[in-house]
Amino acid sequence: MSTTQIHFANIKHGGDRSFRAGAIAAAVIVVLLVLFVGIFLAVIATPSLRRDTVNFFTSTEWNVGTGTLQFGIAGLLWTTALTAVVAMLLAVPVAVGTALLVTQYVPGRVGSTIGFVIDLLAAVPSIIFGLWGLKLLGPFLGPFYAWLQHVLGWIPLFSKGVESTGNVLTASIVLAIMVLPIVSAISRDVFAQTPRDHIEAALALGSTKWEMIRIAVIPYGRSGVIAASMLGLGRALGETIAVMIILSQTNTPGINVSLFAGGETFASKIANNAQEFDSPAKTGAYIAAGLVLFVLTFAVNAISRVVADRKVR
Amino acid sequence: MAKRIEVENLDVYYGSFKAVAGVSLVVEPRTVTAFIGPSGCGKSTVLRTLNRMHEVIPGAYATGKVELDGVDLYGPGVDPVAVRRLVGMVFQRPNPFPSMSIYDNVAAGLKLNGNRNKKVLDETVERSLTSANLWNEVKDRLNKAGTSLSGGQQQRLCIARAIAVKPDVILMDEPCSALDPISTLAIEDLIGELKEQYTVVIVTHNMQQASRVSDRTAFFNLEAQGRPGQLVEIDDTETIFANPAKKATEDYITGRFG
Amino acid sequence: MSVTTTTLAAPRGGRRAKDALVRALVYLSAILAIVPLVWILVSIVAQGLPAILSASWWTQDLAGTTDRRAGGGALHAIIGTLEIGLVTAVVAVPIAVMGAIFLIEYARGTKWARVVSFMVDILSGVPSIVAALFIYTLMITLLGLGRSAIAASLALVLLMLPTVLRSTEEMLKLVPDSLREASYALGLPKWKTVVQVVIPTAFSGIATGVILGLARVMGETAPLLILVAYARNLYLSPSTSNMGTLPTMINSGRNVAETLPGYERVWGAALTLILLVMGLNLLARGIARASRLKDR
C-alpha cells in the first residue's frame, strides 16, 4: 500500500458562499430597517420641530396650516397615556383570571378550548374592533356612562366630556379587549410551567385552591405576567385604527381629564390627518408625533424584555 | 397528638384503571412504618391516599376506609383540605417555596391557618427547626431564601415546615432519594427522633433504609403488569427482613426481583 | 386534641369564602373575555350576511355607485386586499426566512445574533402607523414618488417581517441537530443541508407562521390610509395610486347612515374581512395540527 498524502482541502462550495451571503444580507436588512426608521423620522421631523413656535412637549395647540406652525403634544400624550393605562387596568385582571382558569381550574381539553377561543380575539382586525366599538358597544354603554356621570360626576375623572359615546372610556374598553389575548396567552404559558413540586407542597400543607395559587403559582409567574402586561401596554399605546374610529375629535384646546372626553392619541391624530400631508413642514409635525410614539413603545418593550430576562436568570 | 391509622379495604382508581386493590393495614401511633416494594407497585399511591393527595390528579378516587383515630378521612362531609392540615407530607425532591425566606417557609402552614401572632410564629419556627435538627445552622439567616440551603438542609427545612403545624401523622415519599449519603443519614437520625412525637409512614426504595429506620414494614407488589398493586405482607421490620411469611416478600428482600 | 368530624369539615368561613370568591371571579373573567368575541362575530354576521350572499358582491366593484345607491359589490376591495397581501408576502417571507436562517444556522450564540435579535424585537414593537410614516418619508417625501399600493405593501412588510422571522426561528430551533449532523456526515454542504433537510423538516411550522403573519397584515388599516387612496373601481396594477381594500372600504363607509344602502356594504366588507382572516387562522392551525398528528 503506497502512502499518499491526504489533503483535507478547504472546499468552500460556491453555493455555500452565496447562501451565507444571502442570510447575512437578510440580517443586515433587518438591522438597517430599524435604524433607518428612527433616523428618517428624526431627520424629517427636525425642521418642523425647529420652526415650532410653541413648546413641543407642553403645548396642546395644533395649528399646522400654511404659514403658522404651532404644535404641541401635551394633549396627545395625555389621551394616549390615559387610554392605554385604563385599558391595561381592565385587561390585566381579566387576563390573569382567564390564565388561572385555563391552567388551574379547568385544565385539559375544555381548558385549551377556552384558551383557543380567547386567542381567536387576537385574529380580529383592529378596524373591525373600531367599527364594533363605534356602532355597537358605545351606544350600548351610553346609559351606563350617563349613570356614572350622574353618580360620580364630582370626581374630575368622571366629569362632563363629549356628548357622544365615542369617548376615552369606550376606546379604553376596546383596547383592553384587543390586548387581552396576548397578556392571557403569555400568562397561561407561565402559570402552566409552575413546578408541580411547589403546587403539591402547598396543597400538602392544607391550603385551599386559592391559597395554593397565592403561594405557589402567582409568585412563580409574577415576572412573566408583568412582562406580558408591558407587551400589552406597548400594543395599546400604538393602536391606531380602533382609536381613530371610536374617539371623537375635539377642537377645544387644553386637556379634559374626564374619561368621557374625546381627543386624539398620537396614532389616531396622524391617521386622522393622513390625507393632508401636503407641505413638508406640516408633514414634519405629524412625523414628530410619530417619533415620540416610536420612542414610547420602544421604551415600554425594552422594559418588558428586561423584566422577562430577569426571571430567566 | 400522634394518631393511629386504620386502612380497610382500600381500592384506588385512576379513571377506570384500578391501581391498587384491597389494602388493609394498621399503623400504631408513635411508630415508623415503611412501605417497600418494586417500582409501580402502588406504595406511593397508597401513601398519598392517607392525606387525600391522590385527588389532585383529575379522575383519581379511592374507595374503602381510612381512619385516623377512628374518624374516617373519606367520610361524608369531610374536606380534603382539612385532612391535609392534620396529615403532613414530605416529598421526594426538597421543595421549599422559592419566593419565601426560611422563616416564612416554616411559618407558611401556620399563617394559612390564621396565626399571625409574631410571638407564636417565632416560637413555632424555632421549635420546628430545632426538631428538624436545622436550627443551629440557620438561626442567623432566617430571612434568607429557602432555596439558598444545600439539598439536605432544604429537605430538613421541608420537614420543619411540615411539623410546624403539629400534624397527627407525617408522610414521607422517598425523602432521601435526591440526597447524598451524609444528608440521608442525617434525615434517618431525624426520623428516629420524630417518632417520639409523631406517627411516621415512609415510602422507600432502599431496603437497608427501611430496616434501619422503621418499626414495621409493609411490602407491596404487583401480581403482574397491568394488574392492581396489593399489600402482600405487613409485620414487624425484623420479622419481614429475617423471616418473611410470603415467598414474594422473601424474593424481593433477597434481591431476586425488583 | 381529639379528631372529630367537625375538625375535618371545610376550613373556617373566611378561608372557604375567599376560595369560593376567587373561583367565581376567575370564571367571571373568562365570561368577560369571551362575550366580546361572540358579540362581535354575531353582529357582523347578522349585519353583513345579506350583503355578501348576493353574487354581485363577489363579482362587481363599486364603480359608479355611491353610498346612496344600491348595487355593485366588493370585488375591488377583495382583489385589492389579496393583491397587497401577496406583494407583501413575496417581499417579506424570503427576508424573514433568510434572517431566521442567519440567526439559527450561521450565527447561533454569537454576539451578532444577539444584536440582530434585539433589532427584530424592536421592529416587532413598531406601531403600524409609525411603519407607514417611515415609508411615507422614504418614498414620498424623499424620493418624490406618489402614493401607491406598493408603498402600502412595503409598510406592511415592516409589520410582517418580525412575526414571520420569529416563528421561523422557533421552527428551525426545533429541528434536532442530529439531523444536520447526519446530513453533513453524508457529505452535503451546509447550504444544501439547510435547504434540503432543515427547511423541509420545519416546513409546516414555517408555513403556519407565514399564514398567520399574512392574516395579521391583511387586517392592517393604517398603512393603507396613509399610502394608498381608496378607490371604488377595480385597479389591478400594484403601482396604481388608488386601490380599494377591505379595511379602507370599511373606513370610507363608517359614517354612512343606517338607512342608506352603503351602510349594509360596510358590514358586508367587515364580514368578508373577518372570514378571510379567520379562514387563514384556522388554516394555519389546521396545518399545525396535521403536522403534529403526523409526527405521532
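Colleague: What pattern does chain C follow when read along the sequence?

Modeller: In this predicted model, where local features need pLDDT of at least 70, side-chain atom pairs count only at pLDDT 80 or more, and totals for chains, interfaces and linings use all residues, chain C reads α-α-α-α-α-α-α-α-α-α-α. Residues are numbered from 1 along each chain as its sequence is written, while chains are lettered from A and ligands numbered from 1 in the order in which they are written. Chain C has 11 helices and 0 strands, helices (H or I, at least four residues) and strands (E, at least two) being DSSP runs numbered from the N terminus.

Colleague: How should I read the packing of two helices, and which residues make the contact of H1(A) with H4(C)?

Modeller: Two packed helices are described by the angle between their axes and the distance between the axes. Here the axes of H1 (residues 14-51) of chain A and H4 (residues 111-124) of chain C come within 9 Å and cross at roughly 50°, with axes being lines fitted to C-alpha atoms, for helices over the stretch in contact, and angles running from 0 to 180 degrees between N-to-C directions. H1(A) and H4(C) are therefore oblique to each other, the class left once angles under 35 degrees count as roughly parallel, over 145 as roughly antiparallel and 65 to 115 as roughly perpendicular. The contact (C-beta atoms, placed from the backbone, within 7 Å) is made by A:Ala27, A:Val30, A:Val31, A:Leu33 and A:Val34 of H1(A), together with C:Val116, C:Met119, C:Val120, C:Ile122 and C:Leu123 of H4(C).

Colleague: How many residues does each chain bring to the contact between chains A and C?

Modeller: Chain A gives 67 residues and chain C gives 65, and on the side of chain A that touches chain C, helix H1 gives the most, with 18 residues.
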